[in-house]
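Open the model in your viewer and keep the selection panel at hand. The stops below are meant to be taken in order.

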Amino acid sequence: MTPPSTLIFLRHAQTPWNKAGLTMGQSDISLSDLGRQEANQAVAALKMFPIDVIVCSHLKRCLQTITPFRAVGDCQISINPAWAERSWGVYEGVSKSQRGQETHPKNGETDADFRDRIQHALNDLPSGENILLVSHSGVFRELRRFGYEPEAGLDKIPHAIPVRLRRNRASQG
């Protein structure tokens with residue numbers, strides 16, 4: 001399939017590990033108290049976008065982030081592990097500064113493996129629908145590499161604030 005030209009991207013709300021600056025990867029961490037507040041606040045912002053389907057990482061922090069919105073809406077949801085954060089192996093639970101620019105972490109995914117996983121997941125998204133993708137900052141960075149640009153001109157994706165991503169024309173060929 002051809003990847004969609006537009007996505008609404010929602011990064012999960014804050015977790016205790018985000019606050020502490022730790023690498024989460026695929027560790028299944030719940031939201032912090034602040035994160036639960038952020039998830040509730042995201043509902044009003046999400047209502048501003050037309051959404052036909054929600055595609056969500058299977059990790060707890062994403063599922064907990066989208067729960068308040070799902071409670072007030074009737075969108076179908078597809079929970080897909082392909083949209084999980086990169087597996088950082090031995091670096092999960094370690095400060096991001098200690099991880100550095102590792103490209104092949106022991107017991108984790110290489111840069112290429114992660115990129116391939118996201119590319120396949122992107123190609124499997126339904127076209128012609130308004131998709132809300134609930135995922136992670138690493139996925140956001142990969143989408144940027146595939147030519148998706150945030151309307152807000154962000155380099156980093158904030159927690160629990162929806163952002164429209166548009167695929168630039170050069171990447172649509």
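The tour of this predicted model goes from the sheet to its helices, then to the cores, the rings and a few backbone angles.

**Stop 1: the sheet**

Show the strands as a cartoon. Six of them form an open sheet with mixed pairing, in the order β3-β2-β4-β1-β6-β5. Go to the edges: β3 (76-79) and β5 (148-150) each have a single partner strand, so one side of each has no neighbour in the sheet. On average, neighbouring strands are turned by 30° against each other, direction ignored.

β2 and β3 pair in the parallel sense, over four bridges. Select Val 53 and you will find Gln 76 of β3 opposite.

In which sense do β5 and β6 pair? The pairing is antiparallel, over three bridges. Pro 150 stands opposite Leu 165 in β6.

**Stop 2: the two faces of β2**

Show side chains on β2. In a regular strand, side chains alternate between the two faces of the sheet. Val 53 and Val 55 point one way, while Ile 54 and Cys 56 point the other way. Are these four buried or exposed? All are buried.

**Stop 3: a helix across the sheet**

Select residues 60-72, helix α3. This helix lies across β1, β2, β3 and β4. Against β2, α3 runs at about 160°.

**Stop 4: the largest core**

Select Leu 7, Phe 9, Trp 83, Leu 122 and Leu 143. These touch the most other members of the largest nonpolar core, which has 21 residues. Colour the elements that give two or more residues to this core: β1 (6-11), β2 (53-56), α5 (111-123), β4 (131-135), α6 (137-145) and β6 (163-167). Which element gives the largest share? The answer is α5, with four residues.

**Stop 5: Trp 83 and Arg 117**

Centre on Trp 83 and show its contacts, leaving aside neighbours within four places in sequence. Contacts include Val 55, Leu 133 and Ser 135. His 136, Val 139 and Leu 143 are also among them.

Arg 117 lies in helix α5. Is Arg 117 buried or exposed? At 18% relative accessibility, Arg 117 counts as buried, because the cut-off is under 20%. Not counting residues up to four places away in sequence, Arg 117 touches Gln 26 and Glu 109, as well as Pro 81, Ala 82, Trp 83, Ala 84, Glu 85, Arg 86 and Ser 87.

**Stop 6**

Show α6 with side chains. Its buried residues are Ser 137, Gly 138, Val 139, Phe 140, Glu 142 and Leu 143. They pack against β1, α5, β4, β5 and β6. After α6 comes Gly 147, with a positive phi near 100°.

The structure holds one aromatic pair. The ring centres of Phe 9 and Phe 140 are 5.7 Å apart and the planes are at 55°, so the pair is tilted. Phe 9 is in strand β1 and Phe 140 in helix α6, 131 residues apart, so the pair links distant parts of the chain. Phe 9 counts as buried at 0% relative accessibility. Phe 140 is buried too, with a relative accessible area of 1%.

**Stop 7: two charges at one ring**

Go to Trp 88. The charged end of Arg 86 sits over its ring, 4.0 Å from the centre. The charged end of Arg 99 also sits over the ring of Trp 88, 3.9 Å from its centre.

**Stop 8: two positive phi angles**

Most residues other than glycine have a negative phi. Select Asn 107, in the loop between α4 (96-99) and α5. Its phi is positive, about 65°, although Asn 107 is not a glycine. At 62% relative accessibility, Asn 107 counts as exposed.

End at Ala 160, in the loop between β5 and β6. What is its phi? The phi of Ala 160 is positive, about 55°. Ala 160 counts as buried, at 6% relative accessibility.

Notes
Residues numbered from 1 in each chain as written. Predicted model: local features only at pLDDT ≥ 70, side-chain atom pairs only at ≥ 80, totals over all residues. Heavy atoms only, no water. Core = buried A, V, L, I, M, F, W, Y, C linked by side-chain atoms within 4.5 Å. Buried < 20%, exposed > 50% of the residue type's maximum accessible area, 1.4 Å probe, protein only. Contact = heavy atoms within 4.5 Å. Pairing = 2+ DSSP bridges. Axes fitted to C-alpha atoms, helices over the stretch in contact; angles between N-to-C directions. Phe/Tyr/Trp six-rings, centres within 6.5 Å; stacked < 30°, edge-to-face > 60°. Lys NZ or Arg CZ within 6 Å of the ring centre and 35° of its normal.
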